[in-house]
Amino acid sequence: MGDVQFDFCDKSFVVVGASSGIGRQITKELAESGANVLAVARNRERLEDLTGMSSHIQIRTLDVLSATPDDWNALATAFVEEYGKIHGAVYTAGISGATPLRGFDEAFAYRIMETSFWGAVRALQSMTKKKFSHEKASFVLFSSVAGVIGGKGMFAYAAAKAAVIAGVKTLAHDLARDGKRLNSISPGYVRTEMTRLYENTSNIPTNVIQNHLLGIGEANQVSGMALFLLSNRAEWITGQNFVLDGGYLCGPWN
Ligand SMILES: NC(=O)c1ccc[n+]([C@@H]2O[C@H](COP(=O)([O-])OP(=O)(O)OC[C@H]3O[C@@H](n4cnc5c(N)ncnc54)[C@H](O)[C@@H]3O)[C@@H](O)[C@H]2O)c1
Ligand SMILES: O=C(O)[C@H](O)[C@@H](O)[C@H](O)[C@H](O)CO
């Protein structure tokens, strides 16, 4: 844990996309802060070691591409039976990849949009119901700097992430009527499985490294914002997009 500590004792959260990267880091930090966490991802094997890390973590498999409203409702029902109402959820599921305009794979582009955006909408449709979530529940989605300024060569990913930002600003109205909050986080380049192709920093284009004024990020430099947004310290914050990018959006644009 870093300098900021949150006390989530008696709080229970859902993390979707918990098997790796930023979602996994958030799951661990929530459990370390005393919360119960339902860690959700496609692959049970990749989730299983999380249960060994903390008795506060339980796991559930779900593919956000195929999950129906009934599947989401079943997840939320099981959660409520185990822990009581959901205090918040973080949706980190996402896939990335090149989609150049000429000859792009339309099915792949749809999967990108489904995973980051429509999957999140379905999750919210279910979890924000009164019978499932606490009256002051907080929800956090993941966008990207690509959703703010576009992403060269990956228009489907950039469009999906822009949809997350616009969706959050709009759906925050719906949720505020019930006292619930919804925000998004837009990281810059973070070293995770999603960016593993560039694991050796020498493979990252020099301008990407240079434009992240504080260097490229790690999952634990993003996770704290999610915990903050879930906490009561953020009780007056909704409909916002928080850029965490080591200064990337400051430029220079070379
Ligand atoms: N790493 C970065 O540089 C970066 C930058 C900006 C935004 N983001 C966003 O942050 C979020 C987390 O990414 P990450 O870097 O931790 O990547 P990651 O690949 O490590 O994690 C993504 C998670 O999504 C899950 N997932 C993907 N498809 C799924 C599906 N159909 N059903 C269920 N789960 C599914 C994966 O299993 C994994 O747990 C993503 O939304 C990503 O777009 C990442
Ligand atoms: O969202 C992501 O998964 C990526 O990190 C990218 O968007 C890069 O940060 C950006 O493309 C740098 O140029």
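Helices (H or I, at least four residues) and strands (E, at least two) are DSSP runs numbered from the N terminus. The model is predicted: local features need pLDDT of at least 70, side-chain atom pairs count only at pLDDT 80 or more, and totals for chains, interfaces and linings use all residues. Residues are numbered from 1 along each chain as its sequence is written.

**Annotated span**
- The end C-alpha atoms of residues 11–188 are 29 Å apart, and this span is 48% helix and 22% strand.
- An unreviewed UniProt entry lists residues 11–188 as "domain: Ketoreductase"; such annotations may be inferred rather than shown by experiment.

**Overall fold**
- The chain has eight helices and nine strands.
- Its C-alpha atoms fill a box of roughly 50 × 40 × 40 Å along the principal axes.
- Of the contacts (heavy atoms within 4.5 Å) between residues at least 6 apart in sequence, 68% join residues at least 24 apart.

**Burial and surface**
- Buried residues account for 50% of the 254 in the chain, where buried means under 20% relative accessible area, exposed over 50%, and partly exposed in between (1.4 Å probe, protein chains only).

**Asp 10**
- Asp 10 lies in the segment before strand S1 (12–16).
- Asp 10 has a positive phi of about 70° although it is not a glycine.
- Most residues other than glycine have a negative phi.
- Asp 10 is exposed, at a relative accessible area of 71%.

Note on methods: Chains lettered and ligands numbered in written order. Heavy atoms only, no water.
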